[in-house]
Amino acid sequence: TWSTRPQRLLKAVQKKATRGDPQSVISAIDNFCRHKEWAMNVGDEKGAILDCVVSEVNPSTALELGTYCGYSTVRIARLLPPETRLITLEFNPDYAVVARQVIAWAGLQDKVELVVGASGDLIPQMKQQFGVKEFDFVFLDHWKDRYLLDIKLLEECGLLRRGTVLLADNVICPGTPEYLEYVRTNPRYESRYFKSHLEYTKVEDGLEKSIFLG
Ligand SMILES: O=C(NCCCCCn1ccc2cnccc21)c1cc(-c2ccc(F)cc2)cc(O)c1O
Ligand SMILES: [Mg+2]
């Protein structure tokens, strides 16, 4: 039976990275994706911007939509102080199996709660089921046509507060035009575009940082 790309990425982490060393896990994935097989991690260039925003926000409770193999999960969780938590949602159970092992290899499993399911079903459960009061930071990296629906859902569920920072991947490639239009024109958001490139390529892409003004 053939292995999948996420399984081959995990093998590269287990071969090249040091257990308990998040930076070595990040480097192992970036090297695999740059030199062996492209994969849709946020990557090192956009990842550095993600690091800056996470460090600036220093969130107590963070949400990631779209775990994939756990690359951005590790990037975010490695910057979180003790007693803070990152909830990450993944729709594809096979991706989740790989991501759990990548996150564990980095030694970050105590900071991360990986939940398998669809954002539309899980976001309304965040307060009751997951004991979340509100999110300080949200990283959007899932289905591009769900970004706008899901920030409206987060608003409706009272999960955003004045100052919550939303950071969206792929606003140029593959692109999220309705989302961009909304956060850039709605007076309840203060938005800024960070120009970058599609992971491991020269194609333009970028991150949109939007602060919810309440
Ligand atoms: O599609 C992308 N990501 C989403 C994958 C599926 C997420 C599913 N999912 C996860 C949680 C969750 C919760 N609820 C509902 C659904 C949910 C993506 C694609 C590209 C890309 C690909 C080809 C190309 F030629 C150029 C660019 C680059 C990226 O960086 C990406 O992120
Ligand atoms: Mg992405």
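So, how do the residues of the lining of the largest pocket divide into nonpolar, polar and charged? They come out as 12 nonpolar, 6 polar and 6 charged. Before I go on, please keep in mind that this is a predicted model.

Let me stay with that pocket for a minute. The largest pocket holds about 470 Å³ of space. There are 24 residues lining it, and the closest to its centre are Met 40, Gly 66, Asp 141, His 142 and Trp 143. If you want to find the pocket by secondary structure, look for strand S2, 85-90, and helix H9, 171-175: those are the elements that give two or more residues to its lining.

Asp 169 and Asn 170 are both buried.

At 4% relative accessibility, Asn 170 falls under the 20% cut-off, so it counts as buried. Its phi is near 65 degrees, which is positive in a residue other than glycine. For background, most residues other than glycine have a negative phi, and most peptide bonds are trans.

You'll find Tyr 68 in the loop between S1 and helix H4, 71-77. Tyr 68 has 11% relative accessibility, so it counts as buried too. And on the peptide bond side, the one from Cys 173 to Pro 174 is cis, with omega near 5 degrees. Pro 174 is found in helix H9.

Now back to S2. How many of the 6 residues of S2 are buried? That would be 5, so to speak a mostly covered strand. Strand S1, residues 61-65, runs parallel to S2, and 5 bridges join the two. If you're tracing the pairing on screen, Glu 64 stands opposite Thr 88 in S2.

Next, a helix. Why do we call H8, residues 147-156, largely enclosed by the rest of the structure? Because 7 of its 10 residues are buried. Those are Tyr 147, Leu 148, Asp 150, Ile 151, Leu 153, Leu 154 and Glu 155. Just after H8 comes Gly 158, with a positive phi of about 65 degrees.

On to the aromatics. A search of the whole structure turns up 5 aromatic pairs. Take Tyr 189 and Phe 212: their ring centres are 5.3 Å apart and the planes sit at 55 degrees, so this pair is tilted. Tyr 189 is in strand S6, residues 189-197, and Phe 212 is in strand S7, residues 204-212, so the pair ties together parts that are 23 residues apart in sequence. Both of them are buried. Ring pairs also bring in Tyr 182, making a cluster of Tyr 182, Tyr 189 and Phe 212.

Last stop, the second largest pocket, with about 190 Å³ of space. Helix H1, 5-16, and helix H2, 22-35, are the elements giving two or more residues to its lining. Among the lining residues are Lys 11, Lys 15, Phe 32 and His 35. The lining divides into 3 nonpolar, 2 polar and 4 charged residues.

Technical notes
Residues numbered from 1 in each chain as written. Chains lettered and ligands numbered in written order. Predicted model: local features only at pLDDT ≥ 70, side-chain atom pairs only at ≥ 80, totals over all residues. Heavy atoms only, no water. Buried < 20%, exposed > 50% of the residue type's maximum accessible area, 1.4 Å probe, protein only. 1 Å grid on protein atoms, 1.4 Å probe; cavity = no way out; pocket = protein on both sides within 12 Å on 5 of 7 lines; lining within 4 Å. Points joined across faces, edges and corners; volume = space filled by probe spheres on them. Helix = DSSP H or I, 4+ residues; strand = E, 2+ residues; numbered from the N terminus. Nonpolar A, V, L, I, M, F, W, Y, C, P; charged D, E, K, R; others polar. Phe/Tyr/Trp six-rings, centres within 6.5 Å; stacked < 30°, edge-to-face > 60°. Pairing = 2+ DSSP bridges.
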